[in-house]
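My plan is to look things up piece by piece and jot down what turns up.

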Amino acid sequence: LLGAMAPTWIGADRAASARAAVAAGAQALVMDDGLQNPTLHKTLPLLVIDGAGGIGNGRVVPAGPLREPLAAAAARCRAAVLIGAGNEPSLPRGLPVLRAALAPPPDAAALAGRPVLAFAGIGRPEKFFNSLEEIGARLVARHPFPDHHVFSAREVAALLDEAARAGAVAVTTPKDAARLAPAQRARVTAIGVRLVWQEEAAIERLLDTA
């Protein structure tokens, strides 16, 4: 999915991947999910917060949802990005907070009014289900799976059979669709999201400093 947008290096060793990217001519590196990785110096670290989920009970794994104490993470960041509606957690004074929302792509409007069987194996599947309802899809079934779930052929066949019996479109996220066998993927509609900034100029100004 990332490779569809820009040249992408994948590796368990982030520093080695970065060196390979630089050797190939990269002048800027964008890390996916790398705030806790200590092997690279970051010039523009961002603390991304889900507005609806917030910081949960404020505790770190396994007692809560955080990977590290909020104050420790925020102290290393240049700004926080709050995605979606919700209460802003207590952040260090002076840390800029950029607000944004997730929105479906324009072509998702084709599902408005149509019966849909939705399934997803992401962190919070209900966010995906809610976004489908917001564009007017009529959910006849919703099937949440654990994050990063690897779908078996039997599971997908059962989902497709259920959708066919209900006269519904089987819909999932691009992240989940990538885990399906090609023949099954062809029978599923993947609907992603795009990030819409509340103040796009603010993120542009921040990027200019890097």
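How many bridges join strand 1 to strand 2, and do they run parallel or antiparallel? I looked up the pair and got 5 bridges between strand 1 (residues 46-50) and strand 2, running parallel. A reminder to myself before going on: this is a predicted model.

**Entry: strand 2**
I stayed with strand 2, residues 79-83, and checked how covered it is: 5 of its 5 residues are buried. Next I sorted them by side. Ala 79, Val 81 and Ile 83 are on one face, Ala 80 and Leu 82 are on the other, and both faces are covered.

**Entry: the core**
I looked for the largest nonpolar core and found one of 15 residues. Leu 111, Val 116, Phe 128, Leu 132 and Val 171 have the most contacts inside it. Strand 4 (115-120), helix 3 and strand 6 each supply at least two of the core's residues.

**Entry: Ile 135**
Is Ile 135 buried or exposed? I found it in the loop between helix 3 (125-134) and strand 5. Its relative accessibility is 17%, so Ile 135 counts as buried, the cut-off being under 20%. Beyond its sequence neighbours up to four places away, Ile 135 touches Pro 104, Ala 108, Leu 111 and Ala 112.

**Entry: Ser 17**
I went back to helix 1 (residues 14-23), where Ser 17 sits. Ser 17 counts as buried because its relative accessibility is 12%. With residues up to four places away left out, Ser 17 touches Trp 9, Ile 10 and Gly 11.

**Entry: a surface patch**
On the surface I noted a nonpolar patch made of Leu 102, Val 193 and Leu 195, with about 250 Å² of accessible area together. Leu 195 belongs to strand 8 (residues 194-197), and at 37% relative accessibility it counts as partly exposed.

Most residues other than glycine have a negative phi, and most peptide bonds are trans. I went looking for exceptions. Val 61 and Pro 62 are joined by a cis peptide bond, with omega about 5°; Pro 62 is in the loop between strand 1 and helix 2 (70-75). Asp 33 has a positive phi of about 60° and lies in the loop between helix 1 and strand 1. His 148 also has a positive phi, near 65°, and its place is the loop between strand 5 and helix 4 (153-166). At 51% relative accessibility, His 148 counts as exposed.

Notes. Residues numbered from 1 in each chain as written. Predicted model: local features only at pLDDT ≥ 70, side-chain atom pairs only at ≥ 80, totals over all residues. Heavy atoms only, no water. Helix = DSSP H or I, 4+ residues; strand = E, 2+ residues; numbered from the N terminus. Buried < 20%, exposed > 50% of the residue type's maximum accessible area, 1.4 Å probe, protein only. Contact = heavy atoms within 4.5 Å. Core = buried A, V, L, I, M, F, W, Y, C linked by side-chain atoms within 4.5 Å. Patch = residues over 30% accessible without salt bridge, like charges linked within 9 Å, V, L, I, M, F, W, Y side chains within 5 Å. Areas by Shrake-Rupley, 256 points an atom, 1.4 Å probe, with all protein chains shown as cover. Salt bridge = Lys/Arg side-chain N within 4 Å of Asp/Glu carboxyl O. Pairing = 2+ DSSP bridges.
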